[in-house]
Amino acid sequence: QVQLAESGGGSVQAGGSLTLSCAVSGDTSRNRCMGWFRQAPGKEREGVATIYSVGGRTQYADSLKGRFTLSQDNFNNTLVLQMNSLTPEDTAMYYCTASTITFRSACLLVGSDYYYWGQGTQVTVSS
């Protein structure tokens with residue numbers, strides 16, 4: 001079992017930055033896809049960014065490239081999402097997620113590929 005605990009959400013004005021963290025506990029075995037998804041009220045869940053835990057290969061939603069950066073702190077078993085130049089369209093609940101063990105290093109932005117989910121952290125961006 002993998003437990004995921006998000007933190008770092010909050011309210012920020014447009015143009016600001018936030019850093020989300022996801023503490024990973026339980027089975028911290030490597031060879032997983034991990035990442036962040038978000039869901040705004042009335043909208044479908046969408047993938048934000050993913051990373052393969054071995055090697056750190058990342059993928060980003062096209063609309064977020066250049067503004068969001070995903071990294072992992074293997075020593076502290078933490079996933080970090082740095083979000084810059086935030087806009088009101090980034091307002092959503094952000095969820096940390098992890099897959100079961102996989103040796104496929106291309107981690108897709110597809111929710112059904114992920115098995116473990118955190119409770120989410122709210123990000124609100126005001127104009």
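Biologist: Which residues touch the most other members of the largest nonpolar core?

Modeller: Leu4, Trp36, Leu81, Met83 and Tyr94, out of 29 residues in that core. Keep in mind that this is a predicted model. Strands S1, S3, S4, S5, S7, S8, S9 and S11 each supply at least two residues of the core. Apart from it lies another core of five residues, including Cys33, Phe37, Cys107 and Tyr114.

Biologist: What makes cysteine 22 and cysteine 96 a disulfide?

Modeller: The S to S distance for cysteine 22 and cysteine 96 is 2.0 Å. The cut-off is within 2.5 Å, so the pair counts as a disulfide.

Biologist: And why is that disulfide called left-handed?

Modeller: Because the torsion about the S-S bond of cysteine 22 and cysteine 96 is about -85°. As for what gets linked, cysteine 22 sits in strand S3 and cysteine 96 in strand S9, 74 residues apart.

Biologist: Why is cysteine 22 called buried?

Modeller: Its relative accessible area is 0%, and buried means under 20%, so cysteine 22 qualifies. Cysteine 96 also comes out at 0%, so that one is buried by the cut-off too.

Biologist: How many disulfides does the structure hold?

Modeller: Two. Cysteine 33 and cysteine 107 form a disulfide, with their sulfur atoms 2.0 Å apart.

How values were computed:
Residues are numbered from 1 along each chain as its sequence is written. This is a predicted model: local features need pLDDT of at least 70, side-chain atom pairs count only at pLDDT 80 or more; totals for chains, interfaces and linings use all residues. Side-chain values use heavy atoms; hydrogens and water are left out. A nonpolar core is a set of buried Ala, Val, Leu, Ile, Met, Phe, Trp, Tyr and Cys residues joined through side-chain atoms within 4.5 Å. Buried means under 20% relative accessible area, exposed over 50%, partly exposed in between (1.4 Å probe, protein chains only). Helices (H or I, at least four residues) and strands (E, at least two) are DSSP runs, numbered from the N terminus.
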